[in-house]
Amino acid sequence: MVKKEKKQDVKKKEKTKKVKKESFLKSVISELKKVHWPDKKYILKYTIVTLVFVIVLSVFFYLISALMSFVKVWLA
């Protein structure tokens, strides 16, 4: 009797898990349909802004490093 109850419990849990997965996937798809995806123009604009920012910071840190190296040589 105990074994039979355990098998039923396991089957219930498996069914519940399957339902939860299906419901989760349905809700994910539903939410993804609500997302406002950026258009190509927007993506290109902010990609360029990001690249310019990275280049400016790279030059800035290069200049700081070069200045520190010059000061180190000058003081030695």
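1. The model is predicted: local features need pLDDT of at least 70, side-chain atom pairs need 80 or more, and totals for chains, interfaces and linings use all residues. Residues are numbered from 1 along each chain as its sequence is written, and side-chain values use heavy atoms, leaving out hydrogens and water.

2. Lys 34 has a charged partner. Its side chain meets that of Glu 31 in a salt bridge, at 3.2 Å from N to O (the rule: a Lys or Arg side-chain nitrogen within 4 Å of an Asp or Glu carboxyl oxygen). Glu 31 is partly exposed, since its relative accessible area is 44%. The count for the structure is one salt bridge.

3. Helix H1 covers 2-34 and helix H2 covers 40-75, and Trp 37 sits in the loop between them.

4. How much of the chain is buried? Of its 76 residues, 0% count as buried. The chain exposes about 8,200 Å², and 71% of that area comes from carbon and sulfur atoms (Shrake-Rupley method, 1.4 Å probe).

5. Trp 37 is exposed, because its relative accessible area is 56%. Trp 37 also belongs to a nonpolar surface patch, together with Phe 24, Leu 25, Val 28, Leu 32 and Val 35.

6. Searching the whole structure gives two aromatic pairs (ring centres within 6.5 Å; planes under 30 degrees apart are stacked, over 60 edge-to-face, the rest tilted). The ring centres of Tyr 42 and Tyr 46 are 4.7 Å apart and the planes stand at 55 degrees, so this pair is tilted. Both residues lie in helix H2, four residues apart, about one turn of the helix. Tyr 42 is partly exposed at 45% relative accessibility, and Tyr 46 is partly exposed at 39%.

7. Phe 60 and Phe 61 also form an aromatic pair, an edge-to-face one with 5.2 Å from centre to centre and 70 degrees between the planes. Phe 60 is partly exposed, with a relative accessible area of 44%.

Methods
Buried < 20%, exposed > 50% of the residue type's maximum accessible area, 1.4 Å probe, protein only. Patch = residues over 30% accessible without salt bridge, like charges linked within 9 Å, V, L, I, M, F, W, Y side chains within 5 Å. Helix = DSSP H or I, 4+ residues; strand = E, 2+ residues; numbered from the N terminus. Phe/Tyr/Trp six-rings, centres within 6.5 Å; stacked < 30°, edge-to-face > 60°.
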